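I opened the sequence and the model side by side and kept notes as I went. The entries below follow the order in which I looked things up.

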Amino acid sequence: MIQLSNIEKIYDGASGPVHALKGINLHIKRGEIYGVIGLSGAGKSTLIRCINMLERPTKGKVIVDGEDLTAMSDSQLRKARKSIGMIFQHFNLLSSATVYENVAFPLTLIGTKKSEIEKKVLPLLELVGLADKKDQYPAQLSGGQKQRVGIARALASDPKVLLCDEATSALDPQTTKSILELIRDINQKLQLTVVLITHEMQVIKEICDNVAVIENGVICEQGTVLDVFTNPQQAITKEFISVIISRDIPDAFKDAKISQTPIPNSSLLVRLSFIGNSAEEPVISSLIRRFAVDTNIIYGNVDHIKSTPYGTLVLEITGEDEEIQKSLNYLQERNLGIEVIGYVAGHDNAIS
Ligand SMILES: Nc1ncnc2c1ncn2[C@@H]1O[C@H](COP(=O)(O)OP(=O)(O)OP(=O)(O)O)[C@@H](O)[C@H]1O
C-alpha cells in the first residue's frame, strides 16, 4: 500500500544542511497498523510528512496505492492527498467552528453539497462517539474528544490511509487507550491502512502489527511487534522496550562482578523470552528435573501483544559448572529467546 524507497530529506538549517532522513526504505501493507518509533529529533515527523508529501523528499520515491506521489504536480497531489487522512498531536481544529463544522471542513473546502455533507458527517460523529457534541466548540471538549473530532475530520474524505502524528502524546494514559482503541476499530471496520509515529513503546505495543525504529534519520530495526519486543537487536530498541519490560540487572546483582565468559564455581544469569505457546512451557521444572541445578527466578513478567502471550524471566542457575553448561545448552535448544546476562562468582545463595 505504501512504499518508501531510498528516501533522503535534507533541510536548509540556519547553520547548514540538516540530513533528517538517510535512505529510508519501508513497505507498509494494505490494512495494517504500522508504527515508527524514535527519540525526539530522530526524523519521525519528517518521515510521516513525506508520506503525504507535506514535506517533499530531497531524493527517493513515495508510492501510495500504486501512485508515485513524488512524480506528481501540485494539482495532482492535492487530489491524491484525499486518500490520505492525517491526525495531529495538537488536534489542529478550527476554534471558531463547531464539532460538526470541523468535521465537514474538508468537504466544504471542495464544494460538496450541504445534504451530502450531512450524510457523511453525522455517521462519522456516531462512529467516533461524538454525535451528542456536534454543536459544541473545541474549547468545550476534552483532549480525547478533540482527537475524536480530528479522526472524524480525517475520515471525511474516505481516505485509504490514516497518518497519525504523535496522536496520543498530549493525552493521559486512559484517554490514550480509548483513542488507540478507536483507531484499531476504524482500521478494522474501514480496512484503513494506519501509519503512526510515536516515542512511546506502549502505543506500539497496544495497536501496531509492525514497527520500525528510527535513529538519526535511519531505520535501524524493523519487524513484527512481537519479534522486535521479544528479540530486540539495537541498543535504542532495548531502551524503548525497557520501559515496558525491565531489562535492568536485577537489584540483588547490581554490585556483583558479572563475567561474560564462564568462570569456575559461579552461577549463571540468563534472561529468557517466551512467545506464544512456549510461554506456557514448564521450562523451569524440566530444567531442574533433567540437570543437577537449582534455579531462582530473579524477575518475571507475562503480558500479551494482541492475543499472543509473551513473557520474560531472569533466572539464576546454580550447580556444578558442567551441569550449568548442560542447562544452558538445553535452554538454547528450546523455542525461546535466550540471552546470557553473565556468570556471577560466589553468588549462589543470593536469593533463597
Ligand atoms: N523545517 C526544518 N528546517 C530545518 N531542520 C528541520 C526542519 N524540520 C526538522 N528539522 C530537523 O530535522 C531533524 C528531524 O526532525 P523531526 O521533526 O523529523 O524529528 P522527530 O523525530 O519528529 O522529532 P520530535 O519528536 O521532536 O518532533 C531534526 O534534527 C530537526 O531539527
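Which element gives the most to the shell around the ligand? I found that H1 does, with three residues. Before going further I noted that this is a predicted model, in which local features need pLDDT of at least 70 and side-chain atom pairs count only at pLDDT 80 or more, while totals for chains, interfaces and linings use all residues. Residues are numbered from 1 along each chain as its sequence is written.

**Entry 1: the ligand.** I looked up the surroundings of the ligand and found 13 residues, the closest being Tyr11, Ala20, Ser40, Ser45 and Thr46; a residue is near a molecule if its C-beta atom, placed from the backbone, lies within 6 Å of it. Strand S1 (2–13), strand S2 (16–28) and helix H1 (44–51) are the elements that give two or more residues to this shell. Here helices (H or I, at least four residues) and strands (E, at least two) are DSSP runs, numbered from the N terminus. By class, I noted four nonpolar, eight polar and one charged residue in the shell, where Ala, Val, Leu, Ile, Met, Phe, Trp, Tyr, Cys and Pro count as nonpolar, Asp, Glu, Lys and Arg as charged, and the others, Gly among them, as polar.

Entry 2: Two packed helices are described by the angle between their axes and the distance between the axes. I looked up helix H3 (residues 99–109) and helix H5 (residues 143–155), whose axes come within 7 Å and cross at roughly 30 degrees; axes are lines fitted to C-alpha atoms, for helices over the stretch in contact, and angles run from 0 to 180 degrees between N-to-C directions. H3 and H5 are therefore roughly parallel to each other, a term for angles under 35 degrees, with over 145 counted as roughly antiparallel, 65 to 115 as roughly perpendicular and the rest as oblique. In their contact, Val99, Asn102, Val103, Phe105 and Pro106 of H3 meet Val149, Ala152 and Arg153 of H5, and two residues are in contact if their C-beta atoms, placed from the backbone, lie within 7 Å. I then turned to H5 and helix H6 (residues 173–189), which pack at an angle of about 20 degrees with their axes 10 Å apart, and that makes H5 roughly parallel to H6. The residues of this contact divide into five nonpolar, five polar and one charged.

**Entry 3: the sheet of six strands.** I traced an open sheet with mixed pairing, in the order S6-S7-S8-S3-S9-S10; two strands pair if DSSP finds at least two bridges between them. Strand S6 (84–88) and strand S10 (218–224) stand at the edges with a single partner strand each, so one side of each is left without a neighbour in the sheet. Strand S9 (residues 210–215) pairs with S10 in the antiparallel sense over six bridges, and Ile214 has Ile219 in S10 as its bridge partner. Helix H9 (residues 235–242) packs on this sheet, where it touches strand S3 (33–37), S9 and S10.

**Entry 4: the sheet of five strands.** Which order do the strands of the open sheet of five have? I read it as S11-S15-S12-S14-S13, with antiparallel pairing. Its edge strands are S11 (258–259) and S13 (293–305), each of which pairs on one side only. S12 and S15 pair over eight bridges, whereas S11 and S15 pair over two.
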